[in-house]
Amino acid sequence: MELRTIADLEKVQDVTPFHRNLLGVVEDLKEFLRWKNANQDWKFQFGIEIGGHRASNVFHPSSAGKACDLAVQLERTGAEQTAEDWDSVITFDTGHLWHKWVQACLTEMYGQDFQYEVRIRNDSPPVAGSADGVITLSDLRAVIEIKTAKDGDGPKNFAAARNGPFDEHVRQVTPYMSRLDVPLALFLYFNKNEPGIIAHVITYDERVWQAIVDRWNKIDALIAKGQEAEHKSSFLCKWCSYRGVCKYSGDKSNATKVRRI
Ligand code: SF4
């Protein structure tokens, strides 16, 4: 029995099995997202690159925002990462798509004066990553950092972003400002629930950069001594790429190991 046309409805007595089959697409999609995340260096591509190569055995600017020293140490030592479960993948890929949309708009608006995914690669301290963008106007250069936030009660909800960029985001963007020699950063917080943008500008602060470098040096010294950095387990462990290898992470039921190249 088939249900390919409206006329077929007259021949089908019970549509329930067809509904069930169709809903199977959702389960297949979840499986596909898990597989894609675990097996491909490049994440989703809808004609555009999303995510991409991530250098290993270095500090990544995003780690400057992490609260857990152990997670930063595991990143630095190239520990095996855990594939995100499908709902995390959807969250991350939605965020990546948002980035691409804003980057595409800014490219159309500013042409050569806006560069996106601007790479940094530095040996001392060993840090590598890509800034969302760098914009050059007639009298200034600024890093552009794109963020998404939701309405709700969480500590990083959209309304909370009105008070200024979150500290961890300032720490994330500072390595780009330092290594690219850019004195300003523009944060764009987009509301995922409804149209809305909150913008903040910050000025480079050498003290923030030094605090980041000091922390990384401390973690490198621990690695040299074969000692484990302090861990800070929290609800954030659910999102930690190293929960598969971390003995403090609690639930590992979704921790499929993946080695990103
Ligand atoms: S799982 Fe939690 S405690 Fe372990 S490294 Fe990650 S954030 Fe730290």
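Predicted model: local features only at pLDDT ≥ 70, side-chain atom pairs only at ≥ 80, totals over all residues.
Reader: Thanks. Which bond joins S124 and P125?

Author: S124 and P125 are joined by a cis peptide bond, with omega at about 0 degrees. To place P125 on the chain, look in the loop between strand 2 and strand 3.

Reader: Now the strands. How do the strands of a sheet pair?

Author: Here is the general idea: strands in a sheet pair through backbone hydrogen bonds, and the pairing is either parallel or antiparallel. In this structure, five strands make an open sheet with mixed pairing, and their order is 2-3-4-5-6.

Reader: Which are the edge strands?

Author: Strand 2 (114–122) and strand 6 (197–203) are the edge strands, and each of them pairs on one side only. From one strand to the next, the twist averages 35 degrees.

Reader: Can we walk across the sheet? In which sense do strand 3 and strand 4 pair?

Author: Strand 3 (residues 127–137) pairs with strand 4 (residues 140–149) in the antiparallel sense, over five bridges. The two form a hairpin, with two residues between strand 3 and strand 4. To see the pairing at one spot, find I135, which stands opposite A142 in strand 4.

Reader: And how many bridges join strand 4 to strand 5?

Author: Eight bridges join them, and here strand 4 and strand 5 (residues 184–191) run parallel. Look for K147, whose bridge partner in strand 5 is Y189.

Reader: Which strands does helix 4 lie across?

Author: Helix 4 (residues 167–180) lies across strand 2, strand 3, strand 4, strand 5 and strand 6, and runs at about 155 degrees to strand 4.

Reader: Next, helices on helices. What describes two packed helices?

Author: In general, two packed helices are described by the angle between their axes and by the distance between those axes. Take helix 4 and helix 5: their packing angle is about 100 degrees, and their axes are 9 Å apart. Therefore helix 4 is roughly perpendicular to helix 5. The residues making the contact are V170, R171, T174, P175 and S178 from helix 4, together with V208, W209 and I212 from helix 5. By class, the contact of helix 4 with helix 5 has five nonpolar residues, two polar and one charged.

Reader: At what angle do helix 2 and helix 5 pack?

Author: Helix 2 (residues 69–76) packs with helix 5 (residues 206–224) at an angle of about 65 degrees, and the axes are 10 Å apart. So helix 2, too, is roughly perpendicular to helix 5. The crossing of helix 2 past helix 5 is right-handed. On the helix 2 side, D69, V72, Q73 and R76 meet I219, L222 and I223 of helix 5. Four nonpolar residues, one polar and two charged ones make up the contact of helix 2 with helix 5.

Reader: Last one! Which residues come nearest to the ligand?

Author: There are 15 residues around the ligand, and C68, C237, C240, C246 and S249 come nearest. Sorted by class, the shell around the ligand holds ten nonpolar, three polar and two charged residues.

Terms used
Residues numbered from 1 in each chain as written. Pairing = 2+ DSSP bridges. Helix = DSSP H or I, 4+ residues; strand = E, 2+ residues; numbered from the N terminus. Near = placed C-beta within 6 Å. Nonpolar A, V, L, I, M, F, W, Y, C, P; charged D, E, K, R; others polar. Axes fitted to C-alpha atoms, helices over the stretch in contact; angles between N-to-C directions. Parallel < 35°, antiparallel > 145°, perpendicular 65-115°, else oblique. Left-handed = near helix turned anticlockwise from the far one by under 90°. Contact = placed C-beta atoms within 7 Å.
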